[in-house]
Amino acid sequence: MARTKRVSEMSHEEIKSEVKKTYASVAKRTSAQPAKSGCCEPSGATTPIEGESCGCGGSGTQIRLILGAMGYPVRGLPDSVIESFAGCGNPVAIADLKDGETVLDLGSGAGLDVFMAAKKVGETGRVIGVDMTPEMLEKARANAKKMGASNVEFRQGDIERLPIQDDSVDAIISNCVINLAPDKSKVFRESYRVLRPGGRMMISDIVLEKPLTEEAREEVANYTGCLGGAILEADYLALMREVGFEDVKVVSKWSDGQSASAKIRAVKPKSAKD
Ligand SMILES: C[S@@+](CC[C@H](N)C(=O)[O-])C[C@H]1O[C@@H](n2cnc3c(N)ncnc32)[C@H](O)[C@@H]1O
C-alpha cells in the first residue's frame, strides 16, 4: 500500500486538496450524524482527533451549547446553519460591525458568521463569504435561502487570491481558516489589498504557544484538523505587520499550553496607498 505523504512532501495545491476533502465531508455533516468533538473553544479540547476536522462536532444540542457559550445567539437558527460549524471562536463578537458596512468572511464554511454579520450590518450593508470547497458553498447558499438573508453572497475562491476588488471592504472576519492556508503571508497581503484604508480585520484562529514536534507537523490529519498548519503567535502577528497592518493585537485567547484559540484584531492604516 502506498505510504501517505508527509505534509512537507506535498505541494501547496496538494495540501489544499486535502483541506477541501476534509471540509467537503464536514459540509455533509448533519445533527443526526455528528462528528466527535474537536478543537473548539471553550469545549476543553484543542487537540484534533485523527482524521477529523477543526470545529466543535458533537450533537446538535452540544453544538448549540458551545456556540451559546461563545456568544452566538443560536436560538431559532436552523440546524443546517450550525451543524457544519468548524470555527474556533466568534470573530463577529469583536468586529463592532455597523449598519451599512461591507464585510468579507475568509473561509465562510456553512455561513454562520456571515449570517451573524449580516444581521449587524442590516439591509444597507452586505456580507461576502469566500470559500474554496464547493460542498460548503452549496450548503451556505441553501442556508441563505432558509434564513431569508438577502444581503449575503457566497463566492468560490482561494483566500490566497481573493475574488474581491481593491479597497472595497470595511471589515474582514475569519474563523479558524488562516491556519489552513499554506501561504499565510499571501492571505494577509490579499486581505490588506481588499480592505479600504482604515478598514479592520478580526480573526479567530489557532496559533501555537510552542513549536509542534516534527511528527505532529507532518501528519496530514493534524494539518486539516487546524493544528499542523498553525504557526507561533509571534510569527503570525509579525506576518500581519509585514504586509502593513497596524495595531495588530491579540484581544483574547484560550490556551492549552501547546496551542491557543486566539482572537486577533488589526487595522489597515487610514493613510494607506496602493
Ligand atoms: C475550519 S473550517 C471553518 C469554516 C467557518 N469559518 C466556520 O467557522 O465554520 C475552514 C473553512 O475554510 C475553507 N478554506 C480553507 N482553506 C481555504 C482557502 N485557501 N481558500 C478558501 N477557503 C479555504 C474550507 O473549505 C472550510 O470551509
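Helices and strands here are DSSP runs, numbered from the N terminus. The views below show a predicted model.

**View 1. The disulfide between Cys88 and Cys176.** The structure holds one disulfide. This bond links Cys88 and Cys176, with an S to S distance of 2.3 Å. Cys88 sits in the loop between helix 3 (79–82) and strand 1 (102–106), and Cys176 in the loop between strand 4 (169–175) and helix 6 (184–194), so the bond ties together parts that are 88 residues apart in sequence. The angle about the S-S bond is 115°, and the link is right-handed. Cys88 and Cys176 are both buried.

**View 2. The backbone at Cys176.** Cys176 is not a glycine, yet its phi is positive, at about 65°. Most residues other than glycine have a negative phi. The residue belongs to the loop between strand 4 and helix 6. Cys176 counts as buried because its relative accessibility is 3%, under the cut-off of 20%.

**View 3. The backbone at Asp167.** Asp167 lies in the loop between strand 3 (152–156) and strand 4. Its phi, near 50°, is positive in a residue other than glycine. The relative accessibility of Asp167 is 31%, so this residue counts as partly exposed; that class runs between the 20% limit for buried and the 50% limit for exposed.

View 4. An N or O atom in the side chain of Asp131 is 2.6 Å from an oxygen atom of the ligand. A polar backbone atom of Ile159 is 3.0 Å from a nitrogen atom of the ligand, and a polar backbone atom of Asn175 is 3.1 Å from a ligand nitrogen atom. The ligand taken alone exposes 580 Å², of which the protein buries 99%. The largest cavity is the space taken by the ligand.

View 5. Ala93 is in the loop between helix 3 and strand 1. With a relative accessible area of 55%, Ala93 is exposed, since the class begins over 50%. The C-alpha atom of Ala93 is separated by 9.3 Å from that of Met116, and the two residues are 23 residues apart along the chain.

**View 6. Cys226.** Cys226 has a relative accessibility of 1% and therefore counts as buried.

Key:
Residues are numbered from 1 along each chain as its sequence is written. This is a predicted model: local features need pLDDT of at least 70, side-chain atom pairs count only at pLDDT 80 or more; totals for chains, interfaces and linings use all residues. Side-chain values use heavy atoms; hydrogens and water are left out. A disulfide is a pair of cysteine sulfur atoms within 2.5 Å. Helices (H or I, at least four residues) and strands (E, at least two) are DSSP runs, numbered from the N terminus. Buried means under 20% relative accessible area, exposed over 50%, partly exposed in between (1.4 Å probe, protein chains only). A polar contact is a pair of N or O atoms within 3.5 Å; within protein, one must be able to donate a hydrogen and the other to accept it, and residues adjacent in sequence count only if both atoms are side-chain atoms. Accessible areas come from the Shrake-Rupley method with a 1.4 Å probe; for residues, only the protein chains shown count as cover. On a 1 Å grid over the protein atoms alone, a cavity is a set of points where a 1.4 Å probe fits but cannot get out, and a pocket is an open set with protein on both sides within 12 Å along at least five of seven lines; lining residues have an atom within 4 Å of a point. A molecule sits in a cavity or pocket if more than half of its atoms lie within 2 Å of its grid points.
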